[in-house]
Amino acid sequence: MLQAKLVLEDKSEFHGFSFGFPRSNQGEVVFNTGMTGYPESLTDPSYQGQILVATYPLIGNYGIPKENKKNHLSTVFESDRIHLNGFIVSNYSRKFNHWRKKESLSRFLKTQKIPGVCGIDTRSLTKKLRQKGVLLGRVLIGKDASMPAREAAKNIIDPNTRDLVAEVSTNQIETFGQGKKKIICLDCGMKNNIIHSLLKFDVTLKKVPSKYDFRKQSFDGLLISNGPGDPQTNKQLIENIRWALKKKKPIFGICLGNQIMALAAGAKTYKLKYGHRGQNQPCLEIGTNRCYLTSQNHGFTVNPKTLPKQWKVWFKNINDGTVEGIYHQSNRFFSVQFHPEACPGPQDTKWLFKKFIDKL
Amino acid sequence: MTKSPANGKFQKILILGSGGLKIGQAGEFDYSGSQAIKALKEQGIKTILINPNIATVQTDKGMADKIYFLPVTTKFVEQVIEKEKPQGILLSFGGQTALNCGLALEKRGILKKFNTKILGTPVQSIRKTEDRDLFVRELRKIKVKTPRSIAVKSKKQAYKKVGRISYPLIVRAAYSLGGQGSGFAKNKKELEPILEKAFSYSRQVLLEESLKGWKEIEYEVVRDKFDNCVTVCNMENFDPLGIHTGESIVVAPSQTLDNREYHFLRSLSIKIIRQLKIVGECNIQFALNPKTLDYRVIEVNARLSRSSALASKATGYPLAYVAAKLALGHKLYEIKNAITKKTTACFEPALDYLVLKFPRWDLNKFRKVSEEIGSEMKSVGEVMAIGRSFEEVIQKAIRMLQTGSYGFTDWSFEFKDLEKEIKNPTPRRIFAIAAALENGWSPEKIAKISQIDLWFLHKLKNISNLRHSIKNLSRYILTRETSTPANYPHKEKSFSGKLKTIFQIKKIKNPAKIKSIIRKAKQLGFSDAQIGWHLNVNEKEIRKLRKKLKITPVVKQIDTLAAEFPAQTNYLYLTYNGTEHDIGFEKNKNTVVVLGSGPYCIGSSVEFDWCCVNAGRELQKNGAKTIMVNYNPETVSTDYDECDRLYFEELSEERVLDICELENPRGVVVSMGGQIPNNLALALHLQGVKILGTSPKNIDRAEDRYQFSSLLDQLKISQPKWKELSSIKNALNFANSVGYPVLVRPSYVLSGMAMSVAYNKNHLINYLNKATQISPDRPVVISKFELGAKEIEIDAVAKNGKVIIYAISEHVENAGVHSGDATIILPPQKLYLYTIRRLKKITKDIARGLNITGPFNLQFLAKANDIKVIECNLRASRSFPFSSKVTGFNFAKIATQAMISDPAEKKFNTLDLGYVGVKAPQFSFGRLKGADPVLGVEMRSTGEVATLGDSLEEAFLKSLIAVNFRLPRKNIFLSIGPLEAKVEFISYAKKLAALGFKLYATQISACFFNKRGISVIPVKLKPFSHKKNNHIFEFSGKKIQLVINIPNNLETLGFSRGYRIRRSAIDSNIPLINNLQVAKLFIDSLESKVELLAKPWNKYVKYQ
């Protein structure tokens, strides 16, 4: 196996071996604590520009599944490609087995030209990210791995300075389903399972680019999807939503959609030290006795103190108290920071889709 | 601490324990009960505990507020409820025993009568999980699938109904022994002959859909009364469906499930727990089709279970503690995560390691028992290994079993038919797989035969491949032979018979290559000894080389959240799959390491865990920083709140040295965890580790037969004549010279393994040929076996050779019954003062002779005025908790004080007590199909109980009832073998008749007693059959309620009539007494008509 290493902007380095595409790359290094679901995570557009560290040490066990489509949309991947800039694991399973398998994780990474590094002490790496906050990093493969850390740590470009949403948003309008209610889905990097989850109802979905001007369109509801990066870069989208908030059509936001909703309402967002990425985040629905286990992948969050009067915190994370969902007192606009569509992760909050549909 | 809406409502709660350890219900319930008590006490609730298992931590002072050492039966529990009037009762912390008892109490209206509320899961829900029909019906309501099964009474009916179940299917004869009459049918044609066979065994036949080869997956699910649910852990069985999960190798989390499968089953689990309205914790077992998303729910356990104990240790999530809080009505999200102390318990642990559980079997301790493992549990314990690669954990686990293997690449079996060995699982299967891989079989081929998931087999193949790379290193390593150093510990001769090699490394070439292979080997879980063995080099040499190459393990924490949040956790493991320690090592001069007891097995059980926990608590009390090393998930000692640092790690020389080098302890306690840590004493000492207590040199003197024998000679203490022999001829000569019977055993033994009594020359020859294969490499020890002698034990503590405290107890059974299987009385009731004086003198002399500091135990034979020493252990013994709780003085704590300080001079009264304690063995013969239920020199009990009484008779009867013995009302069957026994029994038969019992016996016995004026009805035993074993003891409609069978000698072989009588009693669930002295005491006790009182411990004993 080829030598490989990960160098962080603080000049620390982690040595391992390459199991993906043999080309060096860079990005923002983040960790995810989920124990299953790497095919879903790899293809989650919210990871655009990031290098993902899996805290669970055994990765690749069940390979990569055969493609399977429903409504012309993959049910096994969350988009049509890998969005990561690199994948860091501890123990890569070269041999894999599953009845749905098509190929190995290694081949999947190689075909899509994404580097992968194994043999890393991902726990000590995670602890570093937890203590210092997310760091920029460089994955160095083969000969590049001999580059001194001092040098490699220099000039890593922060992906958050780019318009990441533009990179992953659709550039055409697609329609799904032929149901009664018409929903416009603002695609900021929407995961496929959001569409699958909505298509269980009597709806027609129109997936549109994030900057799409829907103001002259007819629709029954709006969905603002998940997506990568700093929400504040989505100026046009925020503007459009601000318009929609003055109307009466229900709006549902997921993840980045939650932050966009808050920004459009006039609140502020900020970057978390190391984000929430995992499948075990407990979220309490305020005013009830119910706490839900949720799947999450976000680096930014809403500042609850900046929420305007008509807006309330809906869910809060009981581990760190951060906002996990907000709603407008009219009950027509609401959004959650977590992923009710799961994939990967627990499906405990899929009732939110029904709630949204019922409002239409 | 959490705020509770229910707080204040309950002031007093009763907890039912699980009683003696038996197969299927072991030490895990000490752990869960102890956690429940801690949870209740935090709320200021008074706890009452009923548990006759005296060796548990939960029955310790400072745990439950009031403790009753009583049988967990409705009769006794009712008495306690009436007396204590608890407002609530917890049923889910004492296994099936507590659950069944609770259900019976409820059914009889006893709980209602005293206004005692069942806390947690409601009774209706428990019934739904216990009753198969209700269960299936309930799950059908929410469209959840269970295995399809129908019962038919004729072939015709079978053909008519078979359409409801798809082929392939299993045909089972109902009520048949060991699955006889069962078969597998792929189509109608195959069904015909199998039905024919099945109906020949039973009138009712079950047709079940076959789930052969499906994956077995478990989820541990928690729910509060507000419907908040989490799945704390999922687990995957390495062995596919068909093998009981207690008999399976299990990994957590699941390894071969993708996200869809994982969360599909998770969502189902939550749906099920909500439908069943369980409050607290449950375990759900699924069968998952390995080729589709099809599934079946196999069962739901609405209580804490072995799996939940495993899940707790695997994740660090205290399931029992949380379940107890939820039972009180708390909200799940208001309970704090006990590890992080900051985050909530309403979450699902994210693991950044994996664990593997391996069952520990002891089938070779039993005669005539089938070795095959399947749908019934036979294992007696388990081990859990933590690591960051599958290879690492399985190799650790194999070593942790302490069955003599260095790892996956080391086995001592010869496999004649590998395919059969892999197809039909036995405890050896893992090594059959290793041998097959070694023979070049592909993982695919093995997967096809075993239906084990290919992923696991590829990982095993990695280990097998690396063994070759290690062997190839020998060309780079030059060695020289050295002679055995004089002080080389004899333990180096490992008990599997291998001699550890003693080659030294002279020089190495190509260090880079060596480094990369050895590092890889360590990452795949190879031990130094294993690497050394493959390279023909001493373990210590590998350690030296490895350290020179800077290959050392790192310490990682278990924090439940994969490092996402900071946690001050002290729950630790070591791995080579990492580069950085999670923790720092301060130079604390007062750090003490306590070595735990390893897996529960026959001979080593919860009692040693009790000793370790008490030692730890005493050390902490004295200001020491304690480090616990143990890897048994069923224990309290592996609760991270019991010590300052918990290393869930191997108890091996290598690993303990690793830990000591990092932690620099003041000393190591090896004398509390039984034989496993005791065996490490000398090796650790020679490596410079300070051993607390008696010096390892003296431990060795006691362990080494020759040295100990000459010490006894010096002290003028007599011992049975013995000799170590290595040929049949010499063996026979020696046996002749001392006279038969003789006790014979291999020279290196663990707890009576493969010991036997030879009554004549043929017996002896047979044993030497078959059991031990005597040779100069494998010598045997033969000693004179004393018939009719009394056995006495002393548990004691000494300091610098001076005895501080001792307790004398006597066995009910005569010598020849393993002390672990004996019924023990404390204080002794029938010893002469002279004997006691002599025993004390011997004890003092030995303590001085070995300069003992700490715990020790002596075993004696007494015949007339002659007292012989038969065993001396310089460690805590199995009976330490019994001696402690009956006398009121905690021997483990006193021993710990002796090891670290000078305990104050004090007089302990352990002899003149106003009450009696009786310890009775708990057997699991019912679980071990075919095993001969006899007592002998090999230990066979799986657990024990002890009760207290104002008289011997009272305590004895209570302890019998506590091991599931039901007192007879009318009909007793006698089968007294030896003539002397018959004669001795005459007066007792008379007593039974006078008490109004109806006695039955075989023709000859009946005739014997009739002639002596005792009315015994002669009966002809029905032939032993597979069909109607339940009725073998039914004579003209009268059911036998007790069988007294006194075997002809202790070591009968073959399927004698005596065996059939004993076995049938077990199979028909009829109480069996198989020892003359026990029978006599039993009859005397019945005659005494003593009242069995429900008195709490503190009414008998002032415990200090």
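Strand S4 of chain A and strand S9 (residues 86–88) of chain A pair in the parallel sense, over three bridges. Strands here are DSSP runs of E with at least two residues, helices are runs of H or I with at least four, and both are numbered from the N terminus. Two strands pair if DSSP finds at least two bridges between them. In S9(A), Gly86(A) is the bridge partner of Ile51(A).

This is a predicted model: local features need pLDDT of at least 70, side-chain atom pairs count only at pLDDT 80 or more, and totals for chains, interfaces and linings use all residues. Residues are numbered from 1 along each chain as its sequence is written, with chains lettered from A and ligands numbered from 1 in the order in which they are written.

Back to S4(A). Strand S3 (residues 25–32) of chain A also pairs with S4(A), in the parallel sense, over five bridges. There Phe31(A) stands opposite Val53(A). S4(A) covers residues 50–54, and five of its five residues are buried. Buried means that 20 or more other C-beta atoms lie within 10 Å of the residue's own; exposed means 12 or fewer, partly exposed lies in between, and C-beta atoms are placed from the backbone. Gln50(A), Leu52(A) and Ala54(A) point one way from the strand, Ile51(A) and Val53(A) the other way.

Now the whole of chain A. The chain holds nine helices and 23 strands. Its radius of gyration is 20 Å, close to the 21 Å that the globule rule gives for 360 residues, so chain A is as compact as a globular protein of that length. The radius is taken over C-alpha atoms, and the rule is 2.2 Å times the number of residues to the power 0.38. Along its principal axes the C-alpha trace spans about 60 × 45 × 40 Å. Of the 360 residues, 61% count as buried. Among contacts in chain A with a separation of 6 or more, 75% join residues 24 or more positions apart. A contact requires C-beta atoms, placed from the backbone, within 7 Å.

Next, the interface. Chain A gives 42 residues to the contact and chain B gives 45 residues. On the side of chain A, helix H3 (122–132), strand S19 (268–285) and strand S20 (291–303) each supply at least two residues. H3(A) makes the largest share, with five residues. The predictor gives the complex an ipTM of 0.97 and a pTM of 0.95.

Chain B has an open sheet of four strands, in the order S25-S28-S26-S27, with antiparallel pairing. Its edge strands are S25 (722–725) and S27 (756–758), each pairing on one side only. Strand S26 (residues 742–746) and strand S28 (residues 780–784) of chain B run antiparallel and are joined by five bridges. Val744(B) stands opposite Ile782(B) in S28(B). Helix H25 (residues 728–738) of chain B packs on this sheet and touches S25, S26, S27 and S28 of chain B; its direction makes about 10 degrees with that of S28(B). Axes are lines fitted to C-alpha atoms, for helices over the stretch in contact, and angles run from 0 to 180 degrees between N-to-C directions.

Finally, confidence in chain B. Its mean pLDDT is 91, and 93% of its residues reach 70 or more. pLDDT is the predictor's confidence in each residue, from 0 to 100. Over residues 1–7 of chain B, pLDDT stays under 50, and the model has 15 contacts beyond four places in sequence for them. Residues 484–499 of chain B are also below 50, with 22 contacts beyond near neighbours in sequence.

Note on methods. Contact = placed C-beta atoms within 7 Å.
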